[in-house]
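Subject: Structure handover

Hello,

Here is the structure I promised to pass on. Please open it alongside this note.

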Amino acid sequence: MPMYDYKCEKCGHRFEVEHGLNDPAPKTCVAKGCGGQVSRVFTAPAIMFKGKGWHVNDYGRSGSTKPAPACAAAAGGGCAHGKCPAASTD
């Protein structure tokens, strides 16, 4: 059964009601002694994506997940693997 949010136009009380699509909606506030008219409040759905593959860093990643090794010699210009920006000559 879906949950629906309602808000009283008289006192501002917000409450949730669980009912089916074809069931009648509440007409009056459930707060004690109020009895004001209520209207349905639309809220964002409660969806939570969990697990690997939903985060921007995990989605669509293929191949190795290891970052390129940092070259300690790159600062001195003697890069061992030739992939450091300091190793390139322009």
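**Ground rules**

This is a predicted model, where local features need pLDDT of at least 70 and side-chain atom pairs count only at pLDDT 80 or more, while totals for chains, interfaces and linings use all residues. Residues are numbered from 1 along each chain as its sequence is written, and side-chain values use heavy atoms, with hydrogens and water left out.

**Overall make-up**

The protein chain has zero helices and three strands. Helices (H or I, at least four residues) and strands (E, at least two) are DSSP runs, numbered from the N terminus. Along the sequence the pattern reads β-β-β. The chain has 90 residues, and 18% of them are buried. Buried means under 20% relative accessible area, exposed means over 50%, and partly exposed lies in between (1.4 Å probe, protein chains only). Take contacts between residues at least 6 apart in sequence: 28% of them join residues at least 24 apart. A contact here means heavy atoms within 4.5 Å.

**The sheet**

The three strands form an open sheet in the order β2-β1-β3, with antiparallel pairing. The edge strands are β2 (14-18) and β3 (38-41), each of which pairs on one side only. From one strand to the next, the twist averages 40 degrees. For that angle, axes are lines fitted to C-alpha atoms, for helices over the stretch in contact, and angles run from 0 to 180 degrees between N-to-C directions. Two strands count as paired if DSSP finds at least two bridges between them.

Now the individual pairs. β1 and β2 are joined by five bridges. Lys7 stands opposite Arg14 in β2, and Met3 has Glu18 in β2 as its bridge partner. These two strands make a hairpin with five residues between them. Gly12 sits in the turn, with a positive phi of about 85 degrees. Tyr6 faces Arg40 in β3.

**The core**

In soluble globular proteins, nonpolar side chains tend to be buried together. A nonpolar core is a set of buried Ala, Val, Leu, Ile, Met, Phe, Trp, Tyr and Cys residues joined through side-chain atoms within 4.5 Å. The largest one here has seven residues: Tyr4, Tyr6, Cys8, Phe15, Cys29, Cys34 and Val38. Strand β1 (residues 3-8) gives the most to this core, with three residues.

Val38 lies in strand β3. It counts as buried because its relative accessible area is 11%. Leaving out residues up to four places away in sequence, Val38 touches Tyr6, Lys7, Cys8, Phe15, Pro26, Lys27, Thr28 and Cys29.

Cys29 is another core member. With the same exclusion of residues up to four places away, Cys29 touches Cys8, Cys11, His13, Phe15, Cys34, Gly35, Gly36 and Val38.

**Cys11**

Cys11 lies in the loop between β1 and β2. Its relative accessibility is 44%, so Cys11 counts as partly exposed. Residues up to four places away aside, Cys11 touches Cys29, Ala31 and Cys34. The C-alpha atoms of Cys11 and Gly35 are separated by 9.2 Å, and the two residues are 24 apart along the chain.

**The pocket**

The largest pocket has a volume of about 150 Å³. Its lining consists of Met3, Tyr4, Asp5, Arg40, Val41, Phe42, Thr43, Ala44, Pro45 and Ala46. β1 gives the most to that lining, with three residues. β1 and β3 each supply at least two. On a 1 Å grid over the protein atoms alone, a pocket is an open set of points where a 1.4 Å probe fits, with protein on both sides within 12 Å along at least five of seven lines; lining residues have an atom within 4 Å of a point. Points are joined across faces, edges and corners, and the volume is the space filled by probe spheres set on them.

Best wishes
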